[in-house]
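User: Hello! I am new to this structure and would like to learn how to read it, one feature at a time. Could you show me?

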Amino acid sequence: MDVHAHELIVVGGGLAGTRAVDEAALRGVDVGWISKIYPIRSHSGEAQGGINAALCNHPDGKDDSAERHAYDTTKGGDFLGDQDAIQIMTNQAPITVREMEHWGVPFSRFADGTIAQRPFGGAGFPRTCYGADRTGHFLLHATYQKYLTMRERVHLYDEYYAIGLITEDNTCHGIITFNLHTGNLEAFVSHAVIFATGGSGRNYGRTTNSYSSTGLGVTMPYWAGVPIKDMEFVQFHPTAIIGKHILMTEGARGEGAYLLNSEGERFMKRYAPNSMEIAPRDIVARAIETELREGRGINGEKYVHLDVRHLGKKKIDERLPGIKAICEDFLGIDPITKPVPIRPAQHYTMGGIDCDTTCKTEVNGFYACGECACVSVHGANRLGGNSLLETLVFGEIAGRNAALAVKGKGKPTDHSLVKEALRKKEAELDELYNRGGTENPYEIRDELHAIMDNEVQIFRNKEDLEKALKGIRDLEKRFHNIRSISKGKVYNYDKTWTLEIKANLDISEVITLGALVREESRGGHARTDFPTRDDEKWLKHTIARFTEDGPELSYKPVTITKWQPEERKY
C-alpha cells in the first residue's frame, strides 16, 4: 500500500491549482501536487480573450476603478453574486495582473508600452487585459514556470487521478488516487487539501470544455458530504464553431466583430441596443438562440455568422491569431475573407463547491478555488475576463490560507485512516467495475449528453426539465446494470471514464433539479414559463447535499454589501 505524506495536497493542474501551489511553496510549505494530466495541458490554457483589471490604460478607460469593476460584475451576475467576494476579487485584480506581468506573461501592449486592454461584454470600460487571443496559455505557462523555481518544496504527481476524499469527523485528511502509470490505488495524507479541478462541462455534448473537464472534481466532495452551490447556473458561450464547438473568443467581439443572421442583419440591436455584440454572454447567447428558433439561421441551418472580415488582416493576425488558426484547421475557412459559422455551446459552470471568501468549505481542512468552487463572484452569469482573474486571485487566497493552517506541522505520521478508506474505496470500485450487466456505459454517457443539450439548455421550462430529470434518473438506474469494466491496469481509461460517467449523472441531476425548482429567470438560467427575475422569492443561493435518494436542496442568502438588485439593461 503506497501512502504519500505532505503538509498540503493540491488537486488540479490548471491555473487555480498552479497558483495555489506557487503561493503555498513560496510560504515554505511541503506540497504534494496531483494532476490527472500534465499541468500545462490543463483546460486553463484554452482561455483566449483576457483577464479583467481596472488598470485604466485604455484611452476610454481612464475613469475605471475596482469599484466599477465590482458593480459591473454584480450586475452581470444578475445580483446573485456575493458582493464581499466580488470586491475582494476586483480590488486585487490590478495587483494580480501586474504580478503576472512581472512573472513574464507576454501581454499585448499599447504604443506607450502599457498593458493593452479591450472591451468585453457587460463592462462599463475597456478593462480586459490580453495576450493576443492566447491569454490563458500565457498565464498557465508563467505560473508553471514559477513552480519550476520551487521544485524542492513541491512534489508533482502527474497522471495521478483523484477518486475520493479521506474524511473523518467532518475533517479532510487526504485523498485516494489512481496511479495511471500502474493502475494501483495510492493514498495521500495531509493536514489540508485544496481542490482546483476545473469545470464540469463534459456532462453536456455541445461544450467548449476539454475532455478532461468532467463533473468528477465537484462530485467527489459532494459524495463526501461537502455541499455544492448554484449548480443550475450554467453559462453557454455565444460563439463556438459549429460541429466542433471550439471557442471563438469574446475578444473577437471586443475588437469589433459583428454577429449576422441570414438577412445579413446585426441582430443584437434588438436585444442590447446600446452594447450590441459586447452585451453579457447570457444575453448574447439567448439572442442567437432566438434568431435560430425564429428561422433566421444561415441558409436555414442552426448557426449564425461571426464576421471579423472588416477588422482587416493586420488586426486579425496581431490580436486574433489563435481563432484564425482554429478556423483554418477545423473549418477550412480563412476568417479574413469569410464569416465564421457559430452557435452557442456550454462553456462555464457558475456553481460549484460551496466555499467562503477564504476558500474554506464547511469540512475542516478542505479548500476549493477556481471553476470547481463557488465562492460566488460570478452569480448567475459570469462576465468574460473574470474567470482567469478568479483562478489567480482565489488560487492565491486558497494557497495562502491553507499554507498558514498547515505550516510547521510537518508531514502527517498517523496513517490509521488510510487502510479503512482504501478498503471502502476498493469495495466501491469493485462493485462499480464488476456489475456484469448488459448496458454500455458510453451509450449512457451519449444519452446524458443529448438530455442536457436538448432539455437543460439556454431556454428551459418545466416540461423539459421534468423530462430531463426523469431521463437522468432512468439513466442512473440503467447505470447499475453496466457491463464489467476492462481489468487492465496501466492507463486503463475504461475505469476512469466510467467513474466520470457516474459523476456526470449525479451532477446533472443536481443541475436539473435546481433548475426545475428555481421558478424564475436569472442570468444563465432562463425559464420561458417564468420569464422574469423574482428577487422576493429567489434572491438566494441553492445548496445541494448528497443523499442516497438524490440531492437534498436548501437555500442561503446572497451577501449584499453595496448594490441592491436592479433591472439589467445594456
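User: Which side chain meets arginine 19 in a salt bridge?

Analyst: A salt bridge here is a side-chain nitrogen of Lys or Arg within 4 Å of a carboxyl oxygen of Asp or Glu. Arginine 19 meets glutamate 99 in this way, at 3.3 Å from N to O. Arginine 19 belongs to helix 1 (residues 15–26) and glutamate 99 to helix 3 (residues 83–102), so the pair ties together parts that are 80 residues apart in sequence. Helices (H or I, at least four residues) and strands (E, at least two) are DSSP runs, numbered from the N terminus.

User: What should I know about the model itself?

Analyst: This is a predicted model, in which local features need pLDDT of at least 70 and side-chain atom pairs count only at pLDDT 80 or more, while totals for chains, interfaces and linings use all residues. Residues are numbered from 1 along each chain as its sequence is written, and side-chain values use heavy atoms, with hydrogens and water left out.

User: Is arginine 19 buried or exposed?

Analyst: Buried means under 20% relative accessible area, exposed over 50%, and partly exposed in between (1.4 Å probe, protein chains only). With a relative accessible area of 1%, arginine 19 is buried, whereas glutamate 99 is partly exposed at 24%.

User: How many salt bridges does the count come to?

Analyst: The count is 50. One of them joins arginine 309 to aspartate 307, with the closest N and O atoms 2.9 Å apart; arginine 309 is partly exposed at 37%, and aspartate 307 is buried at 6%. Glutamate 431 and arginine 435 form another, with their closest N and O atoms also 2.9 Å apart. Salt bridges that share partners also join residues into one network, which includes Asp78, Glu232, Arg286 and Arg568.

User: Where is alanine 132?

Analyst: Alanine 132 lies in the loop between strand 6 (128–129) and helix 4 (135–148). Although not a glycine, alanine 132 has a positive phi of about 50 degrees. Glutamate 159 has a positive phi too, of about 60 degrees, and is found in the loop between strand 7 (154–158) and strand 8 (160–168).

User: Why does the radius of gyration of the chain agree with a compact globule?

Analyst: The radius of gyration is taken over C-alpha atoms, and the globule rule is 2.2 Å times the number of residues to the power 0.38. For 570 residues a compact globule would have a value near 25 Å, and the chain has 23 Å, which agrees. The C-alpha trace spans about 65 × 55 × 50 Å along its principal axes. The chain has 15 helices and 23 strands, and 63% of its residues count as buried.
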